[in-house]
Amino acid sequence: DRHRHDGDRVPDDVTLSFTLPDCSITRDRGTFELTGSIHITDPSATDFGIRVVFTDLQHKVTSASGAFVLSRLNGARQALRSGVGFSLIDSTTADRESSERGAAQLAKAWALSFVADDGQTVTQDRHLPSGDLSVEGSTTWTRNDVSHSFTVSTPTPLHHDATCNTRPTFTSGELTVVKTGPDGTVTIHVVFNACGVEPTVTVERTAV
């Protein structure tokens, strides 16, 4: 559990493990159980950063009658910030199950990054400087044989203008949103044109 000298107070490497019977509480109304592990690391020796990996982190509530609800988390989340940009990652899968509603799953795969323009600096106590924002990712919700997905991409990074005082502050770039479900697919294209100017939006629908 050593700390680097980057000032973010994130440990180099620490694992929190939860096991039974220690992580179990029983009351008149039922039992709460926590199992699995959380692994925390510092992904940078010089910049602010934290990476958290979940391995079968599960909490389960069981009533006195035997009915239960559980949620199990696997995957990683990470945040990293330097003077010239930042990035966020969420690659986690949450499995949920209950005695009444059966099983379901929420899967995420997201990556967001921001790169400041030349001469601009990203700091904790100032507004976001001008720069390019890129988003790539998806969220999928599945219950039984029914699945819904939501996907976002930026074929062209969105350029944020810090001098723009009227929304939208994106002066260029393209955002694509795709929603897919049992009824078909809806694709939305959003093209940003200038400071304070409403973007151009087109919608495409494809039925099953």
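Author: A disulfide here is a pair of cysteine sulfur atoms within 2.5 Å. The model is predicted.

Reader: What makes Cys-164 and Cys-195 a disulfide?

Author: Their sulfurs lie 2.0 Å apart. The cut-off is 2.5 Å. The pair therefore qualifies as a disulfide.

Reader: How many disulfides does this rule give?

Author: The count comes to 1 disulfide.

Reader: Why is the disulfide of Cys-164 and Cys-195 called right-handed?

Author: The torsion about its S-S bond is about 85°, so the disulfide is right-handed.

Reader: Which parts does the pair tie together?

Author: Cys-164 sits in the loop between strand 9 (146-160) and strand 10 (170-181). Cys-195 sits in the loop between strand 11 (184-191) and strand 12 (200-207). The pair therefore ties together parts 31 residues apart in sequence.

Reader: Is Cys-164 buried or exposed, and how do you know?

Author: Cys-164 has a relative accessible area of 8%. Buried means under 20%. So Cys-164 is buried.

Reader: What makes Cys-195 count as partly exposed?

Author: Its relative accessibility is 36%. Partly exposed runs between the buried limit of 20% and the exposed limit of 50%. Cys-195 therefore falls in that class.

Reader: Why does Cys-23 count as partly exposed?

Author: Cys-23 has 22% relative accessibility. Buried would need under 20%, so Cys-23 counts as partly exposed.

Reader: What makes Ile-25, Phe-32 and Val-61 a patch?

Author: A patch residue needs over 30% relative accessible area and no salt bridge, and nonpolar side chains are joined within 5 Å. Phe-32 has 34%, so Phe-32 passes the area limit. It is also partly exposed and belongs to strand 3 (residues 30-41). Together the three residues form a nonpolar surface patch with about 240 Å² of accessible area.

Reader: How do you know that strand 8 and strand 9 pair?

Author: Pairing needs at least two bridges. Strand 8 (residues 131-143) and strand 9 share 10 bridges, in the antiparallel sense. They therefore pair. Leu-133 has Leu-158 in strand 9 as its bridge partner. Their hairpin has 2 residues between the strands, and Asn-144 takes a positive phi near 55° there.

Reader: What joins strand 9 to strand 10?

Author: 8 bridges join these antiparallel strands. Val-152 stands opposite Val-177 in strand 10.

Reader: How many helices and strands does the chain have?

Author: The chain has 0 helices and 12 strands.

Reader: How does the radius of gyration of the chain compare with that of a compact globule?

Author: The chain has 22 Å, but a compact globule of 208 residues would have a value near 17 Å. Its C-alpha atoms fill a box of roughly 60 × 55 × 25 Å along the principal axes. Buried residues make up 31% of the 208 residues.

Notes
Residues numbered from 1 in each chain as written. Predicted model: local features only at pLDDT ≥ 70, side-chain atom pairs only at ≥ 80, totals over all residues. Heavy atoms only, no water. Helix = DSSP H or I, 4+ residues; strand = E, 2+ residues; numbered from the N terminus. Buried < 20%, exposed > 50% of the residue type's maximum accessible area, 1.4 Å probe, protein only. Patch = residues over 30% accessible without salt bridge, like charges linked within 9 Å, V, L, I, M, F, W, Y side chains within 5 Å. Areas by Shrake-Rupley, 256 points an atom, 1.4 Å probe, with all protein chains shown as cover. Salt bridge = Lys/Arg side-chain N within 4 Å of Asp/Glu carboxyl O. Rg over C-alpha atoms; globule rule 2.2 N^0.38 Å.
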